[in-house]
Amino acid sequence: MKSILDNRPALAKAVNDVAEVAGYLWLKGWAERNGGNITVNITEFVDEEIKAMPALTEPTPIGSFLPHLKGCYFFCKGTNRRMRDLARWPMGNGSVIRILDDCAHYEIIADAPVKPTSELPSHLAVHNRLLEKGSPYRASLHTHPIELIAMTHTPRFLQADEATKVLWSMLPESRAFCPRGLGMIPYKLPGSVELAEATIQALEKQDVAMWEKHGVFAIDTDIISAFDQVDVMNKAALIYIASKNMGFEPDGMTQEQMDELRDVFHLPG
């Protein structure tokens, strides 16, 4: 069967990177059943032949007006599709969509009429904001990292900057590779407009938005880098929890040591 990926190595790599990350999420236990979502802006890989491709579906409302997405193309995980299946058959469990000129509807153009994730409006709202402010970030990831979620089940880590400070102190790489830290978002209904708006606000200042008792939302230049953001912070959470399980409160790096990392690596804040 002919695929939109045929003879398009850059586009194929972007989609295969999604498949790779989907496999990591499943193996880590962060993607139970159909949990989690991935949306990648692939507009830069779209040629004139793709632009001329007919739609496989009727236009579908996004639910909001997103002016900066006019004419954009995205690869999206399908709704009710499992990450483990996306890893093996990305074009059978995800779809390429085109945002129409009214900036309020999308249509599926390839490879099959796989309906995108139910959280597509939230993902697209984030991508609209990224383009609005000229960000180079093109990938968004929502997943359920066990240890990070566990930390949101206590009021202590819902306080502003508390989780970030503790996690940074557990592992130098968490300070270096997630330099703006976590944005903590109090529980909101999954898929709601309120959650989308809170996520956009959090990502103005932080690298990763942490949804209380639910999961995380990360953005970066590509999907591998977005995964890395979550992976390094969850490793820090694992170290913290392992220390607690051994019966002690970990000391962590001192503020002076973290400030030294900031200065050497020219990190923000």
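Author: Buried means under 20% relative accessible area, exposed over 50%, and partly exposed in between, with a 1.4 Å probe and protein chains only. This is a predicted model; local features need pLDDT of at least 70, side-chain atom pairs count only at 80 or more, and totals for chains, interfaces and linings use all residues. Residues are numbered from 1 along each chain as its sequence is written, and side-chain values use heavy atoms, without hydrogens and water.

Reader: Why is N80 called exposed?

Author: N80 has a relative accessible area of 53%, over 50%, so N80 counts as exposed. N80 sits in the loop between β3 and α3 (83-88). Its phi is positive, about 60°, although N80 is not a glycine.

Reader: What makes R33 exposed?

Author: The relative accessible area of R33 is 54%, so R33 is exposed too. R33 lies in the loop between α1 and β1 (37-41). Phi of R33 is near 45°, positive in a residue other than glycine.

Reader: Why is α1 called roughly parallel to α9?

Author: Helix α1 (residues 9-27) and helix α9 (residues 223-245) pack at about 25°, with axes 9 Å apart. Angles under 35 degrees count as roughly parallel, over 145 as roughly antiparallel, 65 to 115 as roughly perpendicular and the rest as oblique. So α1 is roughly parallel to α9. Contact means heavy atoms within 4.5 Å. D17, V18, E20, V21, Y24 and L25 of α1 make it with I223, I224 and F227 of α9. These residues divide into seven nonpolar, no polar and two charged.

Reader: How do you know which strands are the edges of the sheet?

Author: Nine strands form an open, mixed sheet in the order β2-β5-β4-β3-β1-β6-β9-β8-β7. Two strands pair if DSSP finds at least two bridges between them. β2 (60-61) and β7 (182-185) each pair on one side only, and these are the edge strands.

Reader: How do you know that β3 and β4 pair?

Author: Strand β3 (residues 73-77) and strand β4 (residues 94-99) share five bridges, in the antiparallel sense. One partner of Y73 is named: R98 in β4.

Reader: What makes β7 and β8 a pair, and how does the chain cross between them?

Author: β7 and β8 have four bridges, in the parallel sense. In β8, A209 is the bridge partner of G183. The chain crosses from β7 through α8 to β8, and this β-α-β crossover is right-handed: with the strands pointing away from the viewer, the path from the first strand over the helix to the second runs clockwise.

Reader: Which residues does a cis peptide bond join?

Author: A110 and D111, with omega about -20°. D111 is in the loop between β5 (105-110) and α4 (120-132).

Methods. Axes are lines fitted to C-alpha atoms, for helices over the stretch in contact, and angles run from 0 to 180 degrees between N-to-C directions. Helices (H or I, at least four residues) and strands (E, at least two) are DSSP runs, numbered from the N terminus. Ala, Val, Leu, Ile, Met, Phe, Trp, Tyr, Cys and Pro count as nonpolar, Asp, Glu, Lys and Arg as charged, and the others, Gly among them, as polar.
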